There are 2 protein chains.
Amino acid sequence: MEQDVIATPASAPKGRPREFCVDQALAEALHVFWAKGYDGASMTDLTEAMGITKPSLYAAFGNKEALFHKALDLYEQEKLEYGRAALEQPTARKVAEYYLRGAIDVHGGTDDPKGCMGLISSLACSPEAESIKADVVRRRASSQRLLVERFERAKAEGDIPAHVDAEGLTSVLYALLQGITVQAGAGATHAELERLVDTSMTLWPSP
Amino acid sequence: MEQDVIATPASAPKGRPREFCVDQALAEALHVFWAKGYDGASMTDLTEAMGITKPSLYAAFGNKEALFHKALDLYEQEKLEYGRAALEQPTARKVAEYYLRGAIDVHGGTDDPKGCMGLISSLACSPEAESIKADVVRRRASSQRLLVERFERAKAEGDIPAHVDAEGLTSVLYALLQGITVQAGAGATHAELERLVDTSMTLWPSP
DNA sequence: CCTATTATATACCGACCGTTATGGAACAGG
DNA sequence: CCTGTTCCATAACGGTCGGTATATAATAGG
């Protein structure tokens with residue numbers, strides 16, 4: 001009691017040390033979930049990709065669902081970070097364009113799986129995956145709210161015409177984003193997606 | 001050989017007559033696939049909804065995949081028929097609006113499951129479902145081609161400005177459609193979807 | 001009535017699912 | 001060395017998956 005354990009920062013590991021890197025394993029799991037969705041990714045798929053056995057996975061991450069939520073955290077943090085940068089663009093037009101081109105980079109790239117992990121997982125509705133779906137929908141709603149606020153500000157700044165409905169415009173932009181990820185997942189080429197964005201930008205309201 | 005069997009129109013059924021209506025059973029199966037996707041719909045889900053046993057299902061439809069393709073045929077025929085009507089609208093703007101409002105009616109209604117059956121099934125990617133995905137993608141591409149041709153014609157008729165890319169515009173419209181079905185599946189209200197469409201129409205190019 | 005044919009009902013198949021019990025291996029402190 | 005703790009590896013658990021073998025019921029034609 002009086003030994004004054006000052007929360008040893010990297011606390012002394014007592015037992016046998018684990019033989020894999022948790023972060024790297026999580027990154028591999030993310031890749032599998034992204035490519036196959038929550039239901040489509042089996043424990044065997046996951047453990048093989050992560051290079052660990054099932055008991056190790058359960059000890060380190062809890063269970064499949066907990067692993068998914070952690071993977072989704074990583075996904076948002078690494079891959080959807082461009083959304084925060086987009087909000088800081090100087091004009092509403094640039095916000096939109098940043099969003100759309102960012103979506104092409106992330107969801108239409110060649111290194112990662114095609115399509116959007118959130119979208120894929122929010123549509124696969126096995127009964128047990130309801131909480132997964134709810135999680136994705138909740139995250140989407142909160143980021144959408146930020147976008148509405150950004151467009152409200154843009155209207156106040158005369159950045160987009162006053163008659164435009166900020167909430168409607170956000171829904172439109174989100175629909176375009178979702179369409180991009182759907183088409184990317186269906187095999188659309190980089191050029192086709194850029195054509196989509198180019199045309200979208202010609203439609204965007206001018207101040 | 002000489003009995004001159006003139007292809008008895010409703011040929012004489014020889015054995016025990018089936019006790020269910022194939023069309024009605026297929027309609028029930030469509031409902032299940034629509035709500036749960038290909039992978040999410042189990043044979044038990046299907047047989048219970050259809051009111052028949054598994055051997056009857058296999059005798060009448062082949063297997064799960066064949067049943068799905070027939071359900072998808074029915075879906076396109078009944079629910080996506082508005083797409084053909086849309087193409088016949090007099091102006092490109094009305095074509096687009098017909099498409100978008102039709103999508104709200106079909107995918108945001110209260111009688112049928114929310115969301116688009118094709119989209120749901122094209123994203124659930126179990127290994128065996130690759131042919132499902134390919135089928136959906138193929139059907140989508142062919143309907144998209146018709147839309148491009150319609151917009152080419154609209155350009156020729158001065159219906160949309162000459163500088164607009166018909167193919168890009170088609171991709172944009174399709175992205176909006178896909179976004180509508182995604183948001184409908186995620187629980188968006190009818191009013192929110194209409195707001196999305198209203199705003200989309202304010203962005204649509206004027207001749 | 002008998003046979004052939006087709007549909008139904010039950011029970012079952014092997015494979016895979018997510019999850020866990022079991023036993024041994026690798027470390028720290030005594 | 002011994003004990004306690006933590007991790008790895010194997011194998012197994014009950015359950016569900018899509019698909020079927022088997023036996024029985026219902027019709028048509030002879």
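A: Start with contact, which means heavy atoms within 4.5 Å. Here, 29 residues of chain A are in contact with 29 residues of chain B. Bear in mind that this is a predicted model, where local features need pLDDT of at least 70 and side-chain atom pairs count only at pLDDT 80 or more, while totals for chains, interfaces and linings use all residues. Residues are numbered from 1 along each chain as its sequence is written, chains are lettered from A and ligands numbered from 1 in the order in which they are written, and side-chain values use heavy atoms, with hydrogens and water left out.

Q: How much area do chain A and chain B bury between them?
A: The size of an interface is often given as the accessible area lost when the parts come together. Buried area is the accessible area (1.4 Å probe) that two parts lose on being put together, summed over both. For chain A and chain B that comes to about 2,900 Å², with 65% of it on carbon and sulfur atoms.

Q: How many salt bridges does the rule find across the interface of chain A and chain B?
A: To spot one, look for a side-chain nitrogen of Lys or Arg within 4 Å of a carboxyl oxygen of Asp or Glu. The rule finds four across this interface. One of them joins the side chains of A:Arg195 and B:Asp165, at 2.4 Å from N to O.

Q: Which elements give two or more residues to the side of chain A that touches chain B?
A: Helices (H or I, at least four residues) and strands (E, at least two) are DSSP runs, numbered from the N terminus. On chain A, the elements are α7 (117-123), α8 (130-156), α9 (166-185) and α10 (190-203). The largest share, 13 residues, comes from α9(A).

Q: Which residues come nearest to DNA strand C?
A: A residue is near a strand if one of its heavy atoms lies within 4 Å of it. There are 24 residues around DNA strand C, and A:Met43, A:Lys54, A:Tyr58, A:Lys64 and B:Glu19 come nearest.
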